[in-house]
Amino acid sequence: MKLSWIDIILILLGLFIAYQLIKAILGGSWQTESLIIALIIFNLGLTWKLNMNFERHIAWHKVIDRNKLFQS
């Protein structure tokens with residue numbers, strides 16, 4: 001499976017947020033509001049990425065259904 005640039009950015013962002021979350025739990029660097037905003041942005045990125053995969057999957061079904069229609 002080939003990683004796209006979006007996957008790489010999301011992985012790096014997720015690792016950085018996890019690092020900052022651990023630092024905040026241990027007495028850390030970021031304020032709570034900053035962590036919440038970062039987690040929301042990360043969630044939006046993952047949702048966007050999953051939606052792209054879902055759209056490709058739905059398009060695949062449309063092609064299969066269209067082929068079945070023309071074969072009958």
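A salt bridge is a side-chain nitrogen of Lys or Arg within 4 Å of a carboxyl oxygen of Asp or Glu. The model is predicted: local features need pLDDT of at least 70 and side-chain atom pairs count only at pLDDT 80 or more, while totals for chains, interfaces and linings use all residues. Residues are numbered from 1 along each chain as its sequence is written, and side-chain values use heavy atoms, with hydrogens and water left out.

**View 1. The salt bridge between Lys49 and Asp7.** Side chains of opposite charge can pair when their charged atoms come close. Here the side chains of Lys49 and Asp7 meet at 3.3 Å, N to O. Lys49 lies in helix α2 (residues 32-71) and Asp7 in helix α1, so the pair ties together parts that are 42 residues apart in sequence. Helices are DSSP runs of H or I with at least four residues, numbered from the N terminus. Lys49 is buried, with a relative accessible area of 13%, and Asp7 is buried at 12%. Buried means under 20% relative accessible area, exposed over 50%, and partly exposed in between (1.4 Å probe, protein chains only). The count by this rule is one salt bridge.

**View 2. Helix α1 and its two faces.** The buried residues of α1 are Ile6, Asp7, Leu10, Gly14, Ile17 and Gln20. They cover an arc of only 160 degrees around the axis, which puts them on the same side of α1. The arc is taken from the directions from the helix axis to the C-beta atoms. The face turned away from the buried side carries the exposed residues Trp5, Leu12 and Leu15. After α1 comes Gly27, with a positive phi near 115 degrees.

**View 3. The largest nonpolar core.** Ile6, Leu10, Ile17, Ala38 and Phe42 make up this core of five residues. Helices α1 and α2 each supply at least two of its residues, and α1 gives the most, with three. A nonpolar core is a set of buried Ala, Val, Leu, Ile, Met, Phe, Trp, Tyr and Cys residues joined through side-chain atoms within 4.5 Å.

**View 4. A nonpolar patch on the surface.** Leu3, Ile8, Ile11, Leu12 and Leu15 form the patch, with about 480 Å² of accessible area together. Areas come from the Shrake-Rupley method with a 1.4 Å probe; for residues, only the protein chains shown count as cover. Patch residues have over 30% relative accessible area and no salt bridge, and nonpolar side chains (Val, Leu, Ile, Met, Phe, Trp, Tyr) are joined within 5 Å. Ile11, in helix α1 (residues 5-25), is partly exposed at 44% relative accessible area.

Key. Patch = residues over 30% accessible without salt bridge, like charges linked within 9 Å, V, L, I, M, F, W, Y side chains within 5 Å.
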